[in-house]
Amino acid sequence: PTLITLAASEFGASLMTCTQLCYDEQNDRLLFISVLDGVRHLVSYSTADGIVWYVPVAGDLPHQARFTDGKIRLVNGTSVITRSADDGSLISSQSGFTGTEVLTIEVDDSNACVLTADQFRRHAVETGQADEAEADA
(Lines give C-alpha, C1' and ligand atoms only; values in the text may rest on other atoms or scores of the structure.)
Protein backbone atom coordinates (compact mmCIF):
# COMPACT_ATOMS: atom_id res chain seq x y z
CA PRO A 1 0.00 0.00 0.00
CA THR A 2 0.99 3.59 -0.61
CA LEU A 3 0.77 5.98 2.32
CA ILE A 4 -0.52 9.44 1.37
CA THR A 5 -0.14 12.41 3.70
CA LEU A 6 -2.04 15.60 2.89
CA ALA A 7 -2.08 18.85 4.82
CA ALA A 8 -4.74 21.56 4.70
CA SER A 9 -1.99 24.03 3.81
CA GLU A 10 -1.45 22.22 0.48
CA PHE A 11 -4.92 23.51 -0.47
CA GLY A 12 -4.40 26.96 1.03
CA ALA A 13 -6.72 26.05 3.91
CA SER A 14 -6.32 25.82 7.67
CA LEU A 15 -8.80 22.96 8.28
CA MET A 16 -9.45 19.87 6.15
CA THR A 17 -11.44 16.62 6.26
CA CYS A 18 -11.42 13.84 3.64
CA THR A 19 -14.28 11.42 2.95
CA GLN A 20 -15.89 9.33 0.17
CA LEU A 21 -12.80 7.77 -1.39
CA CYS A 22 -13.21 6.61 -5.01
CA TYR A 23 -10.94 5.64 -7.88
CA ASP A 24 -10.51 7.22 -11.33
CA GLU A 25 -9.31 4.21 -13.29
CA GLN A 26 -8.71 6.05 -16.57
CA ASN A 27 -6.25 8.51 -14.99
CA ASP A 28 -5.06 6.24 -12.13
CA ARG A 29 -6.06 8.80 -9.51
CA LEU A 30 -7.68 8.81 -6.10
CA LEU A 31 -10.88 10.90 -5.87
CA PHE A 32 -12.38 12.14 -2.65
CA ILE A 33 -14.53 14.83 -1.08
CA SER A 34 -12.63 17.25 1.12
CA VAL A 35 -14.10 19.99 3.28
CA LEU A 36 -11.60 22.84 3.25
CA ASP A 37 -12.34 25.60 5.76
CA GLY A 38 -16.03 24.65 5.58
CA VAL A 39 -16.31 24.43 1.75
CA ARG A 40 -16.80 21.02 0.05
CA HIS A 41 -14.40 20.16 -2.78
CA LEU A 42 -13.94 17.23 -5.12
CA VAL A 43 -10.22 16.38 -5.19
CA SER A 44 -8.22 14.39 -7.74
CA TYR A 45 -4.92 13.05 -6.39
CA SER A 46 -2.18 11.16 -8.22
CA THR A 47 0.63 9.32 -6.46
CA ALA A 48 2.98 10.58 -9.18
CA ASP A 49 1.86 14.23 -9.22
CA GLY A 50 0.13 14.85 -5.88
CA ILE A 51 -2.96 17.08 -6.03
CA VAL A 52 -3.93 17.29 -9.71
CA TRP A 53 -7.02 19.48 -9.28
CA TYR A 54 -9.78 20.33 -6.84
CA VAL A 55 -13.08 22.11 -7.40
CA PRO A 56 -15.95 23.24 -5.13
CA VAL A 57 -18.89 20.82 -5.36
CA ALA A 58 -22.25 19.95 -3.95
CA GLY A 59 -23.24 16.32 -3.76
CA ASP A 60 -21.77 12.98 -2.81
CA LEU A 61 -19.67 10.37 -4.56
CA PRO A 62 -21.11 6.84 -4.78
CA HIS A 63 -19.68 4.57 -2.07
CA GLN A 64 -16.25 3.23 -3.13
CA ALA A 65 -16.98 3.81 -6.82
CA ARG A 66 -14.56 3.10 -9.64
CA PHE A 67 -14.96 5.53 -12.54
CA THR A 68 -13.74 4.14 -15.87
CA ASP A 69 -15.03 6.46 -18.61
CA GLY A 70 -13.40 9.81 -17.86
CA LYS A 71 -16.53 11.08 -16.09
CA ILE A 72 -17.17 11.47 -12.38
CA ARG A 73 -20.75 11.35 -11.16
CA LEU A 74 -22.03 12.86 -7.93
CA VAL A 75 -25.53 12.78 -6.46
CA ASN A 76 -27.03 15.90 -4.88
CA GLY A 77 -30.61 15.49 -3.70
CA THR A 78 -32.62 14.83 -6.87
CA SER A 79 -29.75 15.64 -9.27
CA VAL A 80 -26.94 13.65 -10.86
CA ILE A 81 -23.92 15.87 -11.57
CA THR A 82 -21.32 14.78 -14.12
CA ARG A 83 -17.79 16.20 -14.08
CA SER A 84 -14.71 15.61 -16.20
CA ALA A 85 -12.11 13.32 -14.62
CA ASP A 86 -9.41 15.27 -16.48
CA ASP A 87 -9.94 18.63 -14.78
CA GLY A 88 -13.14 18.49 -12.67
CA SER A 89 -15.06 20.77 -15.01
CA LEU A 90 -18.85 20.48 -15.07
CA ILE A 91 -20.20 18.39 -17.96
CA SER A 92 -23.87 18.19 -16.98
CA SER A 93 -26.40 18.33 -14.15
CA GLN A 94 -29.60 16.31 -14.51
CA SER A 95 -32.45 16.71 -12.04
CA GLY A 96 -35.96 15.46 -11.53
CA PHE A 97 -35.50 12.25 -9.56
CA THR A 98 -38.18 12.37 -6.84
CA GLY A 99 -37.34 9.22 -4.89
CA THR A 100 -40.95 8.00 -4.99
CA GLU A 101 -41.51 6.99 -8.59
CA VAL A 102 -40.75 3.48 -9.86
CA LEU A 103 -38.62 3.12 -12.96
CA THR A 104 -37.71 0.13 -15.12
CA ILE A 105 -34.25 0.06 -16.63
CA GLU A 106 -32.13 -2.55 -18.33
CA VAL A 107 -29.17 -3.62 -16.22
CA ASP A 108 -27.57 -5.47 -19.12
CA ASP A 109 -28.66 -7.15 -22.34
CA SER A 110 -30.26 -10.11 -20.57
CA ASN A 111 -31.69 -8.69 -17.31
CA ALA A 112 -34.16 -5.99 -16.38
CA CYS A 113 -35.06 -4.77 -12.92
CA VAL A 114 -37.50 -2.43 -11.20
CA LEU A 115 -35.99 0.21 -8.94
CA THR A 116 -37.25 3.18 -6.98
CA ALA A 117 -35.96 6.51 -8.25
CA ASP A 118 -33.38 6.64 -5.41
CA GLN A 119 -32.13 3.15 -6.22
CA PHE A 120 -32.14 4.01 -9.92
CA ARG A 121 -30.10 7.16 -9.33
CA ARG A 122 -27.52 5.23 -7.26
CA HIS A 123 -27.41 2.42 -9.84
CA ALA A 124 -27.09 4.87 -12.75
CA VAL A 125 -24.21 6.64 -11.07
CA GLU A 126 -22.44 3.45 -10.04
CA THR A 127 -22.73 1.85 -13.48
CA GLY A 128 -21.98 4.94 -15.56
CA GLN A 129 -25.50 5.18 -16.99
CA ALA A 130 -26.34 8.52 -15.37
CA ASP A 131 -26.32 10.35 -18.72
CA GLU A 132 -29.14 8.06 -19.90
CA ALA A 133 -31.06 8.16 -16.62
CA GLU A 134 -33.09 11.30 -17.28
CA ALA A 135 -34.09 10.17 -20.76
CA ASP A 136 -35.41 6.90 -19.35
CA ALA A 137 -37.29 8.57 -16.49
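Predicted model: local features only at pLDDT ≥ 70, side-chain atom pairs only at ≥ 80, totals over all residues.
**Entry 1: β2 and its partners**

I began with strand β2 and found it pairing with strand β3 (residues 39–46) in the antiparallel sense, over seven bridges. For my notes, strands are DSSP runs of E of at least two residues, numbered from the N terminus, and two strands pair if DSSP finds at least two bridges between them. Residues are numbered from 1 along each chain as its sequence is written, and side-chain values use heavy atoms, with hydrogens and water left out.

I then looked up who faces whom across β2 and β3. Leu36 has Val39 as its bridge partner, and Phe32 stands opposite Val43. The hairpin of these strands has two residues between them, and there I noted Asp37 with a positive phi near 50°.

Next I checked strand β1 (residues 16–24), which pairs with β2 in the antiparallel sense over seven bridges. Here Thr17 stands opposite Val35. This hairpin has four residues between the strands, and Asp28 takes a positive phi near 50°.

Stepping back, I wrote down an open sheet of five strands in the order β4-β3-β2-β1-β5, with mixed pairing. β4 (50–56) and β5 (66–67) are the edge strands, each pairing on one side only.

**Entry 2: Ser34**

Is Ser34 buried or exposed? I got 0% relative accessibility, so Ser34 counts as buried; the cut-offs are under 20% relative accessible area for buried, over 50% for exposed and partly exposed in between, with a 1.4 Å probe and protein chains only. Ser34 sits in β2 (residues 29–36), and six of the eight residues of that strand are buried.

I also followed the side chain of Ser34, which reaches the backbone oxygen of Thr17 at 2.9 Å. Contact means heavy atoms within 4.5 Å. Leaving aside neighbours within four places in sequence, I found Ser34 in contact with Met16, Thr17, Cys18, Val39, Arg40, His41 and Val43.

**Entry 3: the cores**

I turned to nonpolar cores, meaning sets of buried Ala, Val, Leu, Ile, Met, Phe, Trp, Tyr and Cys residues joined through side-chain atoms within 4.5 Å. The largest has 14 residues, of which Leu42, Leu61, Phe67, Ile72 and Leu74 touch the most other members. β2, β4 and β6 (71–76) are the elements that give two or more residues to this core. Another core, of seven residues, lies apart from it and includes Ala8, Phe11, Ala13 and Tyr45.

**Entry 4: one ring pair**

How many aromatic pairs are there? I counted one aromatic pair, using ring centres within 6.5 Å for Phe, Tyr and Trp (its six-membered ring), with planes under 30 degrees apart as stacked, over 60 as edge-to-face and the rest as tilted. The rings of Phe11 and Tyr54 have centres 4.9 Å apart and planes at 80°, so I logged the pair as edge-to-face. Phe11 lies in the segment before β1 and Tyr54 in β4, so the pair ties together parts 43 residues apart in sequence. Phe11, at 7% relative accessibility, counts as buried, whereas Tyr54, at 33%, is partly exposed.

Note on methods
Polar contact = N/O pair within 3.5 Å; in protein donor to acceptor, adjacent residues only side chain to side chain.
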